[in-house]
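Try each task first, then compare your steps with the solution.

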Amino acid sequence: MARKNQSIEYYQVTYQLPANSHETDNLLMIKDNFKKFVIIGRYEGVDNINGIEIIYIVDWLLED
């Protein structure tokens, strides 16, 4: 969880997306409208799962 002023963002980090939905299920259990992200260490070509943004770690590190 990251907080800045009144904004909150949730992060889950994993090397790759598993065949099950364990990584996103934890975030989906949080019942608020703040942004949720899964940062992955292996590029998989997926950018969104059930409203949760999937971000390749290299892209996340190079963001402005």
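**Exercise 1. Is Tyr-11 buried, partly exposed or exposed, and what is its relative accessible area?**

Step 1. Start with the cut-offs: buried means under 20% relative accessible area, exposed means over 50%, and partly exposed is in between, with a 1.4 Å probe and protein chains only.
Step 2. Tyr-11 has a relative accessible area of 27%, so Tyr-11 is partly exposed.
Step 3. A word on the source: this is a predicted model, in which local features need pLDDT of at least 70 and side-chain atom pairs count only at pLDDT 80 or more, while totals for chains, interfaces and linings use all residues. Residues are numbered from 1 along each chain as its sequence is written, and side-chain values use heavy atoms, with hydrogens and water left out.

**Exercise 2. Find the aromatic pairs: how many are there in the whole structure?**

Step 1. Rings of Phe, Tyr and Trp (its six-membered ring) pair if their centres lie within 6.5 Å; planes under 30 degrees apart count as stacked, over 60 as edge-to-face and the rest as tilted.
Step 2. Searching the whole structure gives three aromatic pairs.
Step 3. One of them is the stacked pair of Tyr-11 and Phe-37, at 5.0 Å centre to centre with 15° between the planes. Tyr-11 sits in strand β2 and Phe-37 in strand β3, so this pair links distant parts of the chain, 26 residues apart.Step 4. Phe-37 is buried, at 7% relative accessible area.
Step 4. Tyr-43 and Tyr-56 form an edge-to-face pair, 5.6 Å centre to centre and 75° between the planes. Tyr-43 lies in the loop between β3 and β4 and Tyr-56 in strand β5, so the pair ties together parts that are 13 residues apart in sequence.
Step 5. Tyr-43 counts as exposed at 58% relative accessibility, and Tyr-56 as partly exposed at 24%.

**Exercise 3. What is the order of the strands in the open sheet?**

Step 1. Helices (H or I, at least four residues) and strands (E, at least two) are DSSP runs, numbered from the N terminus. Two strands pair if DSSP finds at least two bridges between them.
Step 2. Strands β1 (residues 2–4) and β2 (residues 7–14) are antiparallel, with three bridges; Ala-2 has Glu-9 as its bridge partner in β2.
Step 3. β2 runs parallel to β3 (residues 35–40), joined by six bridges, and Tyr-11 stands opposite Phe-37.
Step 4. From β2 the chain passes through helix α1 (residues 22–28) to β3 in a right-handed β-α-β crossover (with the strands pointing away from the viewer, the path from the first strand over the helix to the second runs clockwise).
Step 5. β3 is also parallel to β5 (residues 52–56), over four bridges, with Ile-54 as the partner of Val-38.
Step 6. The order is therefore β1-β2-β3-β5-β4, with mixed pairing, in an open sheet of five strands. The edge strands are β1 and β4 (48–49), each pairing on one side only.

**Exercise 4. Where does Asn-5 lie, and what is its phi?**

Step 1. Asn-5 is in the loop between β1 and β2.
Step 2. The phi of Asn-5 is near 55°, a positive value in a residue other than glycine.
Step 3. Asn-5 is exposed, with a relative accessible area of 68%.
Step 4. Now try Asn-50: it lies in the loop between β4 and β5, with phi near 55°, and counts as exposed at 60% relative accessibility.
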